[in-house]
Amino acid sequence: MEPKMSPQTTLQSSPSSSSSPSPSSSSPCSSSSSSSYVDGDRIDTFPFLSPNRNESQLAGNWVPTVAGFAIERLRFIDRMANSRNDWKDMEERFDRLASTTTGPIPFVNRSDFAFCIGMEDTPEFAEELLEALEGRSRNRDNLQLEITKAQLHDYWCRITDPSFNSRIRIFFDLCDRNMDGKITEIEIKEIILLSASTNKLSMTQEDAEDYSTLIMEEFDISKRGFIELSQLERIFFKESQLAVSIQSNSEEQNQENCQTRTPWINEEIYLRNYWRRAWIIGLWLSICITLFTWKFIQYQHRKAFQCTGYCLSTAKGAAETLKFNMALILLPVCRNTVTWLRMNRWINSVVPFNDNINFHKLIAGGIVVGVILHAGAHLACDFPRIAGCNPSVFRRTIAGGFGNHQPSYVEILGTTEVITGITMVVLMAIAFTLATPLPRRRPLSLPWPLRRVTGFNTFWYSHHLFIIVYALLLVHSIFLFLTHDARQKTTWMYIAFPVLLYLWERIFRAIRSGLYHVETLEAKTYPGKVLSLKLSKPEDFNYRSGMYIFIQCPQISPFEWHPFSLTSAPEDNYLNVHIRTQGDWSYQMYSLFQEALAPVGSGFPKIYIDGPYGAASQDHIKYDVIVLIGLGIGATPFISILKDVVHGLTKPYIDYGDGGESGITNRKQGPSKAYLYWVTREQSSFDWFRDVIKEVSYANRKQAVVEMHNFLTSVYEDGDARSALISAIQALYHAKTGIDIVSGTPVRTHFARPNWTKVFSNFASTHEGARIGVFYCGHLTLARELERLCTKLTTKTTTRFVFHKENY
């Protein structure tokens, strides 16, 4: 570590007088070529982080490397600013905006500085940084309004210089607004408010005063009323100590634990992770192919083949798969049946019930393929051949099926069979289209004429067109051209049981929801238009943490039921749900309760519930270690689990023995270690579960079974100068009070998005040889990334990760 410089010494090196090499796209400033950083993968300039370091090196170099780590983490541009090509990018930005209207030398306006250095989203902070680089001209009327390429290159070299003198000097000047070499409490308050605004954090004047006072009390030991450069270094030194300790330990553990497996072991792990999905999909495909082949061959040997050829065989083969899939598609959405079946340990071990909605969608895709083959073969091939068939061949083969009258193509289209078939195709096309993600979840992204006919409500109602479709399917199967034997009209045989089961499910749900007497005990509204409902718990309403219920509000619609995860623990004497406004129905719910909470409100609207229903998170009891990852409101399925885990409940456990007989024993269930990773975009989101997180944190002090991590993506990542002061205040305030200034809970908030590779690598090293359940609720993009990461680490380490995603 370079020696600390006295304030007198450092003030002699004015930033405005520092020299830099001439700008050149091929020769950036020399400082960038030797820079390294800890946040990325490069750690070569930090020997204490080397995988080959020994204990003596770590012990002897710990104190000096903390300061180096603190300064190295402080960045004024993005972490990629240290690459050799970054000046080229800045130069290209300059050239795009450059003007030569007042002279031969190209320049950009002062207001373009933020764009040139990549801070266009934070222009206020960029303006303050520019003033610090210029030496903060006292006379704002004499500010330089134009920036040349040489000046921009000079600024770039200084803000990317990894040395202590450069970075801490610039940050000091950023805080020292009057350039007197002293930072006062008022100046600290101003830069705190600027940092909070830049990072979209809500902060009052009183809060900023408290935090600036905290910094002065901590570092102005002599009570002089100001902080000098050497004292500012201590802020980053202290905030970085824990980060270095954690970084050094995890790097060594991850290096030791990553052991590449042999190829045959990789295949074995892939098989173990996906065998349940594979055998279900394989069985489904086998049945579809078998049915198609059986019917295709059957019609090859009929007289009609002479007239229609392979067209009719293809259409009938596809029709047989359609019968099967139209029956099968109802089973995954029989939620009570699925919930009941997954309670059986043996069945749940071989059937992937967590993928029931995905399987429902897969079958829908099979129906689409079947409809294309069946309808396409009939309309484009089969019917034209019948209409154009040689009359003698027609009379000899299929004339009896048409009353000894050879129909024209138009006459065929006017028959009951074709009309019902085309009507079914149209209705299914409507339902299928409105069920796709774009019209269902993002109707506002569609052209305005389509917005009124899309959204969740439209999806919900259009999906119930299947009632008409199944009625038409029965009619369609009765009136067939070439099949008159009732024993060969088998459609009803396929769909009878699934339809009756589904009808029983709907009747049972209607009766059960009517019997449940539920009252709204408490309602709260939170920022982000989130509604929290505390409902009375009906008698005999038993559930496991991770389950969900359906909610209906007759005042909005007597037909619509919407699923919501329970955020109350099973042992609570109430039910709790959190509803975020994301569609028409939830918006109306929020508005109704907002009106009811007003001083002149008329009382809470009536609520009906149905459930509970099983979900992927329910399987957390299978694992000794669990990782819970929620994006935004996606944390709701895991709140109940956290309560359950931290309480260490002992409750009846149903054990199905080898003989299938169930026995009830009392033993401690659930994981012994749980990790929560909650990633959100808005600081106000922490209000949703603040009370729960506090409750779990305080209860966890004795048992230490839960580890929670909050991530706020609106704040610039750790080390960015725009969030550096916020990070320092956060560390100081948490050390003093035990409360995080961002979330208002004992859990410290991390900034930006998690580095999932490092997070999971740390799990692999910490729980070597363990079987870890990973549960995720959020966007599909991250789900795919996490699932790939789980599979990769399972193949490369001794730890096995099992991924689960919530699907409603």
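The accessible surface of this protein comes to about 38100 Å², and 57% of that surface belongs to carbon and sulfur atoms. Such areas come from the Shrake-Rupley method with a 1.4 Å probe, and for residues only the protein chains shown count as cover. What you see is a predicted model, in which local features need pLDDT of at least 70 and side-chain atom pairs count only at pLDDT 80 or more, while totals for chains, interfaces and linings use all residues. Residues are numbered from 1 along each chain as its sequence is written, and side-chain values use heavy atoms, with hydrogens and water left out.

Let us start with the whole protein. Of its 808 residues, 51% count as buried; buried means under 20% relative accessible area, exposed means over 50%, and partly exposed lies in between (1.4 Å probe, protein chains only). The protein has 31 helices and 18 strands. These are DSSP runs numbered from the N terminus: helices are H or I with at least four residues, and strands are E with at least two.

Now look at the strands. Strands of a sheet pair through backbone hydrogen bonds, either parallel or antiparallel. Here, two strands pair if DSSP finds at least two bridges between them. Strand β6 (residues 530-536) is joined to β9 by seven bridges, and valine 530 has arginine 580 in β9 as its bridge partner.

Strand β7 (residues 548-552) pairs with β8 over four bridges, and isoleucine 549 has phenylalanine 564 in β8 as its bridge partner.

Is strand β14 (residues 673-680) enclosed or open? Eight of its eight residues are buried, so β14 is largely enclosed by the rest of the structure. In a regular strand the side chains alternate between the two faces of the sheet. Both faces of β14 are covered, with Lys673, Tyr675, Tyr677 and Val679 buried on one side and Ala674, Leu676, Trp678 and Thr680 buried on the other. Seven bridges join β14 to strand β11 (residues 625-631), and the two run parallel. Seven bridges also join β14 to strand β15 (residues 706-712), again in parallel, with asparagine 710 in β15 as the bridge partner of tryptophan 678.

Finally, return to the surface. Leu379, Tyr409, Ile422, Val426 and Ile430 form a nonpolar patch there, with about 360 Å² of accessible area together. Helix α20 (residues 416-434) gives the most to this patch, with three residues. Isoleucine 422 is found in helix α20 and is partly exposed, with a relative accessible area of 37%. Patches are made of residues with over 30% relative accessible area and no salt bridge, where like charges are joined within 9 Å and nonpolar side chains (Val, Leu, Ile, Met, Phe, Trp, Tyr) within 5 Å. A salt bridge is a side-chain nitrogen of Lys or Arg within 4 Å of a carboxyl oxygen of Asp or Glu.
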